[in-house]
Amino acid sequence: MSLLDSAMSALGGGSDSTQSSLLGEAVNFVQNQPGGLSGLVQQLQSQGLGDVVQSWISNGANQPITADQIQQLLGSDTVQQIAGKIGIDPNTVASGLSQALPELVNQLTPNGEVPADGNLLSDGLNMLKGKLFS
């Protein structure tokens, strides 16, 4: 299963357009973190979610993140902006990202660790962007 397929299946229900938009926003969120994927991992660890994010990186089952934790991570203003951009309810955005982000991080760390050089992140994000926005 491809990175895109895995992340899309994690989103479950909803229209393909909404799923693609939420996945695109998850990709943008990871990409725009200072330090990329490593920066996201550090941010989650600093918010007390180290065990959660480590489960996404490791080869075991992903621990969940709640919509409320996504709201705290991104901030209400950011969630509102994403909701306005996509045209859906902010709660749906937070819920969708809580499903997409663990799978996205999981797929970007197939060897159970964050890539040191960031090439995997770049390659994965470029592949996703090509499929989502072509």
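**View 1. The largest nonpolar core.** The largest nonpolar core in this predicted model brings together 30 residues, and those with the most contacts inside it are Leu40, Leu44, Trp56, Leu74, Val93, Leu97 and Leu101. Here a nonpolar core is a set of buried Ala, Val, Leu, Ile, Met, Phe, Trp, Tyr and Cys residues joined through side-chain atoms within 4.5 Å. Two or more core residues come from each of α2 (16-32), α3 (36-46), α4 (50-57), α5 (67-74), α6 (76-86) and α7 (90-108). The top contributor is α7, with eight residues.

**View 2. Around Trp56.** Skip the neighbours within four places in sequence, and Trp56 is in contact (heavy atoms within 4.5 Å) with Leu44, Asn62, Gln63, Ile65, Leu101, Pro102, Val105, Asn106 and Thr109. Among these partners, Leu44 and Leu101 also turn up in the list of core residues with the most contacts.

**View 3. The two sides of α6.** Which residues of α6 are buried? They are Val79, Ile82 and Ala83, where buried means under 20% relative accessible area, exposed over 50% and partly exposed in between (1.4 Å probe, protein chains only). Looking down the axis of α6, the buried residues fall within an arc of 100°, so they line one face of the helix; the arc is that of the directions from the helix axis to the C-beta atoms. An α-helix has 3.6 residues a turn, so residues three or four places apart point the same way. On the other side of α6 sit the exposed Asp77, Gln81, Gly84 and Lys85. Just past the end of α6, Gly87 takes a positive phi of about 85°.

**View 4. Gln33 in its loop.** Gln33 lies in the loop between α2 and α3. Its relative accessibility is 12%, so Gln33 counts as buried. Leaving out residues up to four places away in sequence, Gln33 touches Leu40 and Gln43.

**View 5. The chain as a whole.** Of the 134 residues, 46% count as buried. Among contacts between residues at least 6 apart in sequence, 62% join residues at least 24 apart.

**Notes.** Residues are numbered from 1 along each chain as its sequence is written, and side-chain values use heavy atoms, with hydrogens and water left out. Local features need pLDDT of at least 70 and side-chain atom pairs count only at pLDDT 80 or more, while totals for chains, interfaces and linings use all residues.

How values were computed
Helix = DSSP H or I, 4+ residues; strand = E, 2+ residues; numbered from the N terminus.
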